[in-house]
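Subject: Structure handover

Dear colleague,

Here is the structure for your files. My notes on what was found in it follow below.

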Amino acid sequence: MGFLEFIFWCIVVVYALGLAGRLLLRWYVRRKQREFAERVDTQQKRQGRRPEGQVTVRQTGRREKHVNRSVGEYVEYEEVQEEDRK
């Protein structure tokens, strides 16, 4: 009888731990989802909400190409594909 009782209690404990783990995981995920949503809301409030689909483009200053003079001669080129000649 002792061995069967041991098996029974092992099954009960494993089932209880699985149930508790599932409930704790669900609680943890919901908490993290709420924290993330709050963080996104505060970030959007700081940036100012724009209507959905509105695009803003900011141009930065033009950057000149800088080439180290000690490297040698710099030649800009454009790659051109040639057609196969028969």
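A patch here is built from residues with over 30% relative accessible area and no salt bridge, with like charges joined within 9 Å and nonpolar side chains (Val, Leu, Ile, Met, Phe, Trp, Tyr) joined within 5 Å. Accessible areas come from the Shrake-Rupley method with a 1.4 Å probe, and for residues only the protein chains shown count as cover. By that rule, Met1, Phe3, Leu4, Phe6, Ile7 and Ile11 make a nonpolar surface patch of about 750 Å².

This is a predicted model, in which local features need pLDDT of at least 70 and side-chain atom pairs count only at pLDDT 80 or more, while totals for chains, interfaces and linings use all residues. Residues are numbered from 1 along each chain as its sequence is written, and side-chain values use heavy atoms, with hydrogens and water left out.

Overall fold

The protein chain has 1 helix and 0 strands; these are DSSP runs, numbered from the N terminus (helices H or I, at least four residues; strands E, at least two). Helix α1 covers residues 2-47. The end C-alpha atoms of α1 are 67 Å apart, which agrees with the 68 Å that its 46 residues should span at 1.5 Å a residue (the expected span is 1.5 Å times one less than the number of residues). Gly48 follows α1 and has a positive phi, near 85°.

Exposure

Of the 86 residues in the protein chain, 0% are buried (buried means under 20% relative accessible area, exposed over 50%, partly exposed in between; 1.4 Å probe, protein chains only). The chain exposes about 10,100 Å², and carbon and sulfur atoms supply 54% of that. Ile11, from the nonpolar patch, is located in helix α1 and is exposed, since its relative accessible area is 56%.

Charged side chains

There are 2 salt bridges in the structure, a salt bridge being a side-chain nitrogen of Lys or Arg within 4 Å of a carboxyl oxygen of Asp or Glu. In one, Arg31 pairs with Glu35, with the closest N and O atoms 3.6 Å apart. Both residues lie in α1, 4 residues apart, about one turn of the helix. Glu35 also meets Lys32 in a salt bridge at 3.4 Å, N to O. Arg31 counts as partly exposed at 28% relative accessibility, as does Glu35 at 30%; Lys32 is partly exposed at 35%.

Separately, Arg22, Arg26, Arg30 and Arg34 form a positive surface patch. Lys and Arg count as positive and Asp and Glu as negative, with His and the chain ends not counted.

Regards

Methods. Charge placed at Lys NZ, Arg CZ, Asp CG, Glu CD.
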